[in-house]
Amino acid sequence: MRAFHASTRNACLCPSPKTKAWADLALPLNPPDHSRPSLSTHFIKHPPDAPDRPHSPSTFLPLLSSCADIPALRRIHGLILVHGLNRHLPCQTKLFSSYGSLGDIESARMVFDRIPDPDLYSWRVMLRWYVLNERYGDTIRCYSQMRYRFHELDNTVFSLVLKACVRLLDLDEGRKLHGHTAKVGGLDSFVLNVLIDMYAKCGDMDSSRRLFDGLEDRNVVSWTSIISAYAQNDCAAEAVLLFNRMQEEGIELNEYTVGSMFTACSMLNALHQGKWVHGCVIKRGMCMNSFVGSALLDMYVKCGEVADARSVFDELDDVDLISWTAMIVGYTQRRCPLEALKLFSDTKWVAMVPNSVTIASVLSASAQLRDLESGNSIHALGIKLGVAECSVVANALIDMYAKCCMVEEANSIFKRVYRKDVVTWNAMVAGYSQNHQGREALTLFNQMRSDGCSPDAVTVVCVLSSCACLGDIHLGSSLHAYAIKFGFLSNTHVGTALVNFYNKYGDVTLANRVFDEMSNRSAVTWCAMMCGYGMQGDSAGSIDLFRRMVEKDLQPNEVTFTSILSTCSHTGMVDEGHEYFDSMSEHYNISPSMRHYACMVDMLARAGKIEEALEFIDRMPVQADINVWGALLHGCRLHSRFELGEGAVKRMMELLPHTSDYYVLMSNLYASDGRWNESVQIRKLMKERGLVKLPGCSSLGMNNP
C-alpha cells in the first residue's frame, strides 16, 4: 500500500505529457468558495478512513452525479485520472454522460473515444447525448459506427436515430434505417410510430400511411401520429376522416389527438366539427393545457369566431405565454387591433415576458391602426427584450413604419437586416407602393432579383399596384408576362391585381380577358371587375357580373356592394341602387358602412334629388363623415344648388377645421355663384389660420399607347 501511495505521489509530481494534459483539468478555473465546499473539495480535504476508498469507482460515481457545472466536473475528471480509473468502463461512461448532460459534447466524445472497448450501453448513452444536444448529423455518424461493431441493435437505438432523421428531414437516411429495422425485426410500437412520423415530416405520406395500415395493434399514439401527419401535410380532410374512424373503433383521445384535430378544422374552416371536438374535450374532462388551449383558440379565430376564442382564453386555468400570444395573434389576424393592444397592455399579464411573435403581432396591430406612438413604444420594448433583430420583428417594424408613412425609418430598418428573406423584401416593396412611391418600389424589385432573392406572388401584387399608380402600361404588361413565365397567374391575388391594373388604365377588354382566364376567383376579384365596368359607365356589365356571382353561390361582401352601388350612382340607376342597398341587410346580413351611405348620397345627389339626399343623411344611424358630405356637395355643384352646398361645406369644415381642402371648396363654390367677396374672405381666413392649398399632381407613363 505504501508503494502504491508513493507511485501516486510521483505521478502527481512528475506526470508524463499524456497524464499532465488530463491532470490540468483538475486545476480549479475559479477560486473555490470555502464557505460552501463542494463534494470534491470535501473529499480531498477529508479522505475516508478506509485506505481503499479514495480510488474506488463507487466513490466517484456519486461525485459525478453531483457536478452542477463544467469546472466542478473537470476537477472530478482529474481525480479519476490520478486514481487510475480511466479504463473503468462504468466510471468512464458516467463521466462522458456527465459532460453530455452539461452540454459539453466535445469533451464527452473525447472521453468516449479513450474507452478501449465501449459496450452497447456506452454507445447508446453517447448516441442519446448527441440527440439531446441537437447534434443530429453526429447522431447518424455515430449510428453508422455502431453498425460495424454490433450485429444487433435495439429499439432504443433506432428511435434515437429516427428522431435525428426527423429533425434533419433526411428521408434517405430514414429509409435506410427503416431497412435496417426490417432486417432486425421485433420492432415495438414506439419505433413504428416514430417511423410513421418520420415519413410524414419528410413529406412521404404514402409510406407513412402504408406503415399505419400495416399495424396490427394501433394505439392512441399510432392514430395521433397519422392524424397529425395528414394535418401537417395540408391533408386536413383525410385527418378528419381518420379521426372519425378512430372514434368508431373506440380509441380514447389524448391531448395531442385533440390538438391535431383543431388544427385540421382550422385549415378546413370546419367550425361545426371543431365545436364537436371541443364538446368531446369538455365531456371527457380533458385537461385544457397550453397545447390544447392554443390550438382551440386558433381554430375559433381562423373560423371567424373571435368572441368564442376569447371565451376559451378567459376560461383557461393557467394562461401561459403561448396561449396569451395565440389570443393576441388571433385578434391581429381578424382585424381587431384595438383588442390585441388592450390584451397586450392589460396589467393582469404584466408578469408575462413577450417573445418575438408577441412583439411582431402587436406591431402589426399598431400598423393596422396607423398608430405610430404605440408602434414606437413597442419597438423600444423589442429592443429592450433583445428581439428587435429577429426577422419576424424586423419585418413587422418595416410594415408598421411604412403604414404610418415613415418610409425613411422603414428603409433604415430594412437596410440593417443582415439576412433579408422574401418577406423582408416584400414588406419594403409594399411600403413604397402604399406611400405612392412607385418608382422606388420598382427599383427595389429589380434589386431584389439581382441580389438572388426570388420574388413570390405577394411581390408581384405589390409591384403591379405600383404600376397602376404610375399609369405605366408598358411596365404593367412586362409584369404580366413575368407572371405568366414564372407561373404566378394561377394565384388569385396576382390575377386580381392584373384585373385591377388594366381597369385603372382603362382597358376593360384586357381586364375581362384576365378575369375569364382565371381558374379561381375570390369575392375581391369579382368586385375588381365590377369596378372596371362601373368606371367605364357600363352598368349593364357590372350588374350582370353581380348576378353571375350570386348564381355561383358566392356570398357578396361589403366591397361587392360598394362596387355595385357606385355603378348605380355613376349611371343614374336610383331605383336599382335602393334595391341593392336594402338587400344588404335583408338578404345578406351585411350592416351598411359609411362607404355605402356615401354611395347612396352620391347616387341621389347626382340624380338631382338633393332634398332626398339630405333626408337620407338625417335618417342615418351614425353621424355622417367627410365622405358623405363631400358626396352631397358634389351633387350641389352639379345642379347649382349653392345654398345647400354651402351648408355641406360648413359641416365639413366643422369636422376637419385644420384641413385646407374644404376652405378651397368653399371659396370655389362662392366663386361659381359669382359671390366674389365671400370667396376672397375665405382665402383670407385660410392665410390667417396658416393653411396652404396643396398642389395637385398627376402621373402617367411616357409613350403609352
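**The lining of the cavity, and the salt bridges**

Modeller: Helix 11 gives the most to the lining of the largest cavity, with 3 residues, where helices are DSSP runs of H or I with at least four residues, numbered from the N terminus. The model is predicted, so to speak of local features a pLDDT of at least 70 is needed, and side-chain atom pairs count only at pLDDT 80 or more, whereas totals for chains, interfaces and linings use all residues. Residues are numbered from 1 along each chain as its sequence is written, and side-chain values use heavy atoms, with hydrogens and water left out.

A cavity here is a set of points, on a 1 Å grid over the protein atoms alone, where a 1.4 Å probe fits but cannot get out, and its lining residues have an atom within 4 Å of a point. The structure holds 1 cavity of 30 Å³ or more, and the largest cavity has a volume of about 30 Å³, a volume being the space filled by probe spheres set on grid points that are joined across faces, edges and corners. The residues lining the largest cavity are Ile140, Tyr143, Val161, Cys165, Glu173, Leu177 and His180, and the elements that give two or more residues to this lining are helix 9 (136-149), helix 10 (155-168) and helix 11 (171-184). By class, the lining has 5 nonpolar, 1 polar and 1 charged residues, with Ala, Val, Leu, Ile, Met, Phe, Trp, Tyr, Cys and Pro counted as nonpolar, Asp, Glu, Lys and Arg as charged, and the others, Gly among them, as polar.

Turning to charged contacts, a search of the whole structure finds 18 salt bridges, each being a side-chain nitrogen of Lys or Arg within 4 Å of a carboxyl oxygen of Asp or Glu. One of them joins the side chains of Arg124 and Asp154 (2.3 Å, N to O); Arg124 lies in helix 8 (residues 120-132) and Asp154 in the loop between helix 9 and helix 10, so the pair ties together parts that are 30 residues apart in sequence. Arg124 counts as partly exposed at 22% relative accessibility, and Asp154 counts as partly exposed at 23%, that class lying between buried (under 20% relative accessible area) and exposed (over 50%), with a 1.4 Å probe and protein chains only.

Another salt bridge is formed by the side chains of Lys403 and Asp399 (2.6 Å, N to O), which are 4 residues apart in helix 24 (residues 391-403) and therefore separated by about one helical turn. Salt bridges that share partners also join Glu106, Arg135, Asp138 and Arg141 into one network.

Technical notes:
On a 1 Å grid over the protein atoms alone, a cavity is a set of points where a 1.4 Å probe fits but cannot get out, and a pocket is an open set with protein on both sides within 12 Å along at least five of seven lines; lining residues have an atom within 4 Å of a point.
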